[in-house]
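Subject: Structure handover and findings

Hello,

Please find the structure below, followed by notes on what was found in it. The terms are defined where they come up.

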Amino acid sequence: LHLMSDYTESIIFGQRDRANNVWTESFRINTDGNMNAPGTIVQTVRANVDNVVGTGDFDVISVNITPKFTYSDMIIHFYTQWSVSTNNGEDWGMKLLRDGTTIQGDTVNGYFISGGGVDASDNPLALTSFSAPHYYVRTACKTDIDTGRSSSGAQITYKIRKVVAGGTSTKTVRFGVDGWTGATVEANRSKIVLMVQEVMPN
């Protein structure tokens with residue numbers, strides 16, 4: 001491992017092939033203190049909310065990140081708990097959007113995560129004798145990497161949006177709220193989390 005300067009005061013680490021007189025850079029520490037190395041996490045941003053309830057299409061959670069490098073990738077982590085209050089077999093899911101554009105979705109509806117519902121199986125009333133289906137919650141989580149963003153340093157907004165394939169909706173979907181405290185009051189027991197990490201490409 002060798003250390004050199006590129007005359008801009010960046011510190012560069014790498015290996016030299018003396019036989020062929022070839023220098024291969026491993027990583028560098030830039031003048032702004034940011035380390036540039038494959039696979040390095042550059043920064044992490046995180047948002048969390050609870051009690052997001054609605055019908056039709058609506059935003060669940062979003063987070064903003066301003067890249068430190070123009071050529072970096074973004075790792076997206078998402079977690080939620082959810083339940084439904086009606087039993088109409090409605091097809092719905094959650095999309096991941098980058099500045100309003102759907103990314104990393106399936107080829108049918110663009111879902112990042114499918115909520116199901118086409119056979120009413122997302123509602124326990126179809127399978128059990130529960131009288132309060134919104135107290136029966138499920139969880140969903142997913143991690144993916146966005147390698148297709150534009151090569152700029154402008155702020156990026158990542159968003160999870162609940163959408164209905166048919167465009168109209170009567171099914172109520174509830175994120176980050178469930179349970180019963182014993183006084184006919186629901187409890188927000190689990191935060192919805194969206195975390196984005198800027199990472200240097202391999």
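This is a predicted model, in which local features need pLDDT of at least 70 and side-chain atom pairs count only at pLDDT 80 or more, while totals for chains, interfaces and linings use all residues. Residues are numbered from 1 along each chain as its sequence is written, and side-chain values use heavy atoms, with hydrogens and water left out.

Overall content

The protein has 0 helices and 15 strands. Here helices (H or I, at least four residues) and strands (E, at least two) are DSSP runs, numbered from the N terminus. Of its 202 residues, 41% count as buried, where buried means under 20% relative accessible area, exposed over 50% and partly exposed in between, with a 1.4 Å probe and protein chains only. Taking the contacts (heavy atoms within 4.5 Å) with a separation of 6 or more, 70% come from residues 24 or more positions apart.

Pairing around β13

Strand β13 (residues 156-164) pairs with β7 (residues 58-65) in the antiparallel sense over 7 bridges; two strands pair if DSSP finds at least two bridges between them. Within this pairing, Lys 159 of β13 stands opposite Ser 62. Strand β13 also pairs with β9 (residues 92-98), again antiparallel and over 7 bridges. There, Gly 93 has Val 163 of β13 as its bridge partner.

Nonpolar core

A nonpolar core is a set of buried Ala, Val, Leu, Ile, Met, Phe, Trp, Tyr and Cys residues joined through side-chain atoms within 4.5 Å. The largest one has 29 residues, and those with the most contacts inside it are Ile 61, Phe 78, Trp 92, Tyr 158, Ile 160, Phe 175 and Val 196. Two or more residues of this core come from each of β5 (41-49), β7, β8 (73-84), β9, β13, β14 (173-175) and β15 (192-199). Leaving aside neighbours within four places in sequence, Ile 160 is in contact with Asp 59, Val 60, Ile 61, Phe 78, Met 94, Lys 95, Leu 96, Phe 112 and Leu 194.

Arg 149

Arg 149 sits in the loop between β12 (138-146) and β13. Arg 149 is buried yet has no salt bridge, and the nearest side chain of opposite charge, Glu 198, is 4.4 Å away. A salt bridge is a side-chain nitrogen of Lys or Arg within 4 Å of a carboxyl oxygen of Asp or Glu; for charge, Lys and Arg count as positive and Asp and Glu as negative, with His and the chain ends not counted. The side chain of Arg 149 does make a polar contact with the side chain of Ser 72, at 2.8 Å. A polar contact is a pair of N or O atoms within 3.5 Å; within protein, one must be able to donate a hydrogen and the other to accept it, and residues adjacent in sequence count only if both atoms are side-chain atoms.

Loop residues

Most residues other than glycine have a negative phi. Asn 51, in the loop between β5 and β6 (52-54), has a positive phi of about 55°. Asn 51 counts as partly exposed, at 44% relative accessibility. Asp 99, in the loop between β9 and β10 (101-103), has a positive phi of about 50°. Its relative accessible area is 47%, so Asp 99 is partly exposed.

Regards
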